[in-house]
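Work through the exercises below with the sequence and the 3D view at hand. Each task is followed by a solution in steps.

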Amino acid sequence: MHAAMDVLVKNYMAQNVHIKTTAAALGFNYIGFELDKEAVNVYFESDKTPIPKKIDAEITLLRNLYTDQMNIVHMTVNGIRKSGKLDYPDKKIAQV
């Protein structure tokens, strides 16, 4: 069952997670997901790129289903991890 869901999660992420640097849209490689009680942790990493000065992300996961949806985003650039919480209707987050 996990393998079948893996394909669905990968496709859903591609449609609902958009990341860009100052220069251009940033591609990412889906690594996988895991269930954690009420949450689903999804892991991916970006393609190799020069260290960006800023990353902008637009996350619209489950927005069409739940008006109380919350997404927690962790971004690591050059060894520095920053985290943020997106409560509905917020969908954009940046790391500078």
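**Exercise 1.** Where is the place of Q69? Determine also whether Q69 is buried or exposed, and list its contacts.

Solution. The model is predicted: local features need pLDDT of at least 70 and side-chain atom pairs pLDDT 80 or more, while totals for chains, interfaces and linings use all residues. Residues are numbered from 1 along each chain as its sequence is written, and side-chain values use heavy atoms, without hydrogens and water.

Step 1. Q69 sits in the loop between β4 (55-59) and β5 (70-77); strands (E, at least two residues) and helices (H or I, at least four) are DSSP runs numbered from the N terminus.

Step 2. Q69 has a relative accessible area of 13%, so it is buried (buried is under 20%, exposed over 50%, partly exposed in between; 1.4 Å probe, protein chains only).

Step 3. Leaving aside neighbours within four places in sequence, Q69 is in contact (heavy atoms within 4.5 Å) with L61, L62, R63, L86, D87 and Y88.

**Exercise 2.** Find the aromatic pair and classify its geometry.

Step 1. Apply the rule: rings of Phe, Tyr and Trp (its six-membered ring) pair if their centres lie within 6.5 Å; planes under 30 degrees apart are stacked, over 60 edge-to-face, and the rest tilted. The count comes to 1 aromatic pair.

Step 2. The pair is F28 and F44, with 4.3 Å centre to centre and 35 degrees between the planes, and it is tilted.

Step 3. The pair links distant parts of the chain: F28 is in strand β2 (residues 28-36) and F44 in strand β3 (residues 39-46), 16 residues apart.

Step 4. F28, at 22% relative accessibility, is partly exposed. F44 is partly exposed as well, with a relative accessible area of 28%.
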